[in-house]
Amino acid sequence: MSRLQESLKKGTFTITGEIGPPKGVDLTHCWGEVEYIKDRVVAINVTDNQSSVMRISSQSICSLLVQKKLEPILQITCRDRNRLAIQGDILGAYAQGIRNILALTGDHTTAGDHPGSKPVFDLDSVSLLTAMSTMKDGKDLAGQELEGVPSDIFCGAIVTPGADPVEMQLIKMERKIEAGAQFFQTQAIYDPKVFEAFMKGASRFKVPVLCGIVIIKSAGMANYMNNFVPGVIVPDGMIQPLKDASKEDRPKKSIELMAEFIREIRPMCQGLHIMAMGWEKYVPELLDMCEL
Amino acid sequence: MVVNIPKPDKELFNMLDEYKGIFIVACGGCPVGCDSGGMERVKELEGLLVKNQKKVTGNALIDFLCNKALVGSRLASHIEPLRNTDAVLVVSCGIGVQATASMIDLPAIPANDTLSSQGMQGLWPSSERCAGCGTCYLALTGGICPITTCSKSLLNGMCGGQHDGKCEVEESRDCGWYLIFNRLKELGKLDNLKKIPMLRDYRKLDVPDKERTTTRWALEKTEVYSETVWKQAEEKKEA
Ligand code: SF4
Ligand code: SF4
């Protein structure tokens, strides 16, 4: 059983982090980010060609993390590979010691840096979870027996608490659970009221939810997220103080605001997923402030 | 020319399971030419429905179902029987089903799977598109095609890219799953979301050779093929 699974099973408030692999083979920066957070999180998500921008594969970074005795969460999107490739990757990841896998549909190819490439979407988040579940039971999606069963995969999925209509989110969340999702990480959220309302609907499923936050570095970033990231709303109450703060004070203000939010949502869910986006160095301080 | 194949009876009755009163709308255009439509098929379906304890509330043969305005005006004269109808069975290509669904507030059920709808002047789609996926899902999606209205052709519901009802791919493009969700909600059929088959069978995208080489295939094909090729094919068949 992965450490992540164990921690959630025990009911400990569980913290995960996230890194984005670089475009190129220089991993210095990437390992620098890992260094800041590694002692404060149970597991680290590694994104899969995030925002449809081509980078080092998620699986190879995850495998290197395993070598470093750290626990990765392998993100798999359905944009770039069909069901044969994805299932093969799952087996390969397992053989390399990767246990946590997060299933995502993935952004459309047109969003990234190879906009003319073929959008695959042979599977989507739900059918990918199903593929993992059937493989855990010893068979692939075509019903063929596996030689050696990856029975310890810990299947994760994502959900967007701020999505409209939220009813559709909950229906899809339920579908993901039926397909085998054992934990959820959420899209970034900043309004405790919205999160509370969402959790009211979601807690009946009794599947652990890790509340996601992207650390907001500036008012500009907040506005960008409000305008361009679906289902994410940064409230004015968070933007104004960042606008008012001087450039030097901004990290401190930002961390304070994030800490306040985390303290508020802590009783509502089972953990926290921090996407620091380059501000990994502030993560320990942030968690200290929350006594986590 | 459109190439459809009638859905197997078993699938048809699965889709119609919860409905009693059925009204049949059929296209008088392309489906007539490819043996998947027309009055003959309507009569055949009527018999089949009655035999299976369904009530047929009426029928309408409209050429062409892909022309929404025409569908709307023709169905207007069937208001009475449509009031007593639980679902409309549409005998056409995927576009005809979508066009009909958008004109009525009843579930529209496709009687055919569309393999291809290329060329030929019979096709008059406005915003509706059919990619000939060969496994028509419209019965479960409120008559809105998930393959062509969703930029990722998803089968399992909306992705995280939907915002204000629009798709992540293009600001002005409606999110197909947002449309489907709202339509199913209106119809009181959100449960359908759980019934959609999870995986596509991409073999069905390909038009089988048998369909390509019959006279159902494009008329052009008949002309393009030289007499001898046809003769040879016929001889081969007989042998
Ligand atoms: S689901 Fe869409 S693409 Fe498939 S046959 Fe029906 S209308 Fe055509
Ligand atoms: S936003 Fe809607 S239409 Fe666009 S890919 Fe996602 S589900 Fe499909």
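Predicted model: local features only at pLDDT ≥ 70, side-chain atom pairs only at ≥ 80, totals over all residues.
**Exercise 1. The sheet of chain B**

Step two: the pair belongs to an open sheet of four strands in chain B, with the order 3-2-4-5 and parallel pairing. Strand 3 (55-62) and strand 5 (108-110) of chain B stand at the edges with a single partner strand each, so one side of each is left without a neighbour in the sheet. Direction ignored, neighbouring strands of this sheet are turned by 25° against each other on average.

Step three: helix 1 (residues 9-16) of chain B lies across strand 2, strand 4 (87-91) and strand 5 of chain B, and runs at about 170° to strand 5 of chain B. Helix 4 (residues 68-76) of chain B also packs on the sheet, where it touches strand 2 and strand 3 of chain B, its direction making about 135° with that of strand 3 of chain B.

**Exercise 2. The barrel of chain A**

Work out in what order the strands of the chain A barrel run, and follow one pairing down to a residue.

*Solution.* Step one: eight strands of chain A form a closed barrel in the order 1-2-3-4-5-6-7-8, with parallel pairing. From one strand to the next the twist averages 25°.

Step two: within chain A, strand 3 (residues 72-77) and strand 4 (residues 100-104) pair in the parallel sense over five bridges, and Ile73(A) stands opposite Asn100(A) in strand 4 of chain A.

**Exercise 3. The interface**

Describe the interface of chain A and chain B, going from its extent to its contacts and then to the elements on the side of chain A.

*Solution.* Step one: 23 residues of chain A are in contact with 25 residues of chain B, and the area buried between the chains is about 2200 Å², of which carbon and sulfur atoms give 58%.

Step two: two salt bridges are counted between the chains, and one of them joins the side chains of Lys194(B) and Glu174(A) at 3.9 Å, N to O, which is within the 4 Å cut-off. Twelve residue pairs are in polar contact across the interface.

Step three: helix 5 (125-136) and helix 6 (166-178) of chain A are the elements that give two or more residues to the side of chain A that touches chain B, and helix 6 of chain A gives the largest share, six residues. The residues of this side divide into eight nonpolar, six polar and nine charged.

Terms used. Residues numbered from 1 in each chain as written. Chains lettered and ligands numbered in written order. Heavy atoms only, no water. Contact = heavy atoms within 4.5 Å. Buried area = accessible area lost by both parts, 1.4 Å probe. Polar contact = N/O pair within 3.5 Å; in protein donor to acceptor, adjacent residues only side chain to side chain. Nonpolar A, V, L, I, M, F, W, Y, C, P; charged D, E, K, R; others polar. Pairing = 2+ DSSP bridges. Axes fitted to C-alpha atoms, helices over the stretch in contact; angles between N-to-C directions.
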